[in-house]
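I opened my notebook to get to know this structure from the start. Have a look at it along with me.

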Amino acid sequence: MKIIGKRTRKLLLLYVKHKLLGTNKKVSMRKESSTNALNERRITDSCGMANTLHVMGGRWKPAILCRLMHGKMRYNELKKSIEGISERMLVAQLRELEQDGIITRVIYPEVPPRVEYHTTELGKTMHDVINAMADWGNMYRNVTEPVDAGER
């Protein structure tokens, strides 16, 4: 019988607790009492903008949310529409958004199973924020684009 280490045992227990008890807490490899975790919690608890960025920030979540703003999509449609994202990362980001109550995953009992994602009512409240961020990002890109050498 192989003996597992303390960290592996802890992660396994967190995973089992998450699966069996159905908690909405994210399973993290980071200790909840670490300085980094405490600082993050302090910031997100006291600043609405930081909390918003915590939920929708990162490299891939904005791309996922932009596509789901226009309606429900199947997993493969999402994967094909977001160039460069790995399957592992897409699954992880979709799970986080689902745990945060921003999107819903619908599994149809078919063979092969069909899975669709769409924004929840809470997720739909983010549409104005996402559009405002997209507008600002486009404006910023236009203002800061380097001028071609021929135009100088």
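What share of the 152 residues in the protein is buried? I looked that up and found 23%, where buried means under 20% relative accessible area with a 1.4 Å probe and protein chains only.

A note on the source: this is a predicted model, in which local features need pLDDT of at least 70, side-chain atom pairs count only at pLDDT 80 or more, and totals for chains, interfaces and linings use all residues. Residues are numbered from 1 along each chain as its sequence is written, and side-chain values use heavy atoms, with hydrogens and water left out.

Next, the elements. I found eight helices and three strands; these are DSSP runs, helices being H or I of at least four residues and strands E of at least two, numbered from the N terminus. From that end, I read them as α-α-α-α-β-α-α-β-β-α-α.

Then I turned to the sheet. The three strands form an open sheet in the order β1-β3-β2, with antiparallel pairing; strands pair if DSSP finds at least two bridges between them. β1 (73-74) and β2 (103-108) are at the edges with a single partner strand each, so one side of each has no neighbour in the sheet.

I also checked how β2 meets β3 (residues 114-119): six bridges join them. Thr 104 has His 118 in β3 as its bridge partner.

Last, I looked at what packs on the sheet. Helix α4 (residues 61-68) does, touching β1, β2 and β3, with contact meaning heavy atoms within 4.5 Å.

Methods:
Axes are lines fitted to C-alpha atoms, for helices over the stretch in contact, and angles run from 0 to 180 degrees between N-to-C directions. Buried means under 20% relative accessible area, exposed over 50%, partly exposed in between (1.4 Å probe, protein chains only).
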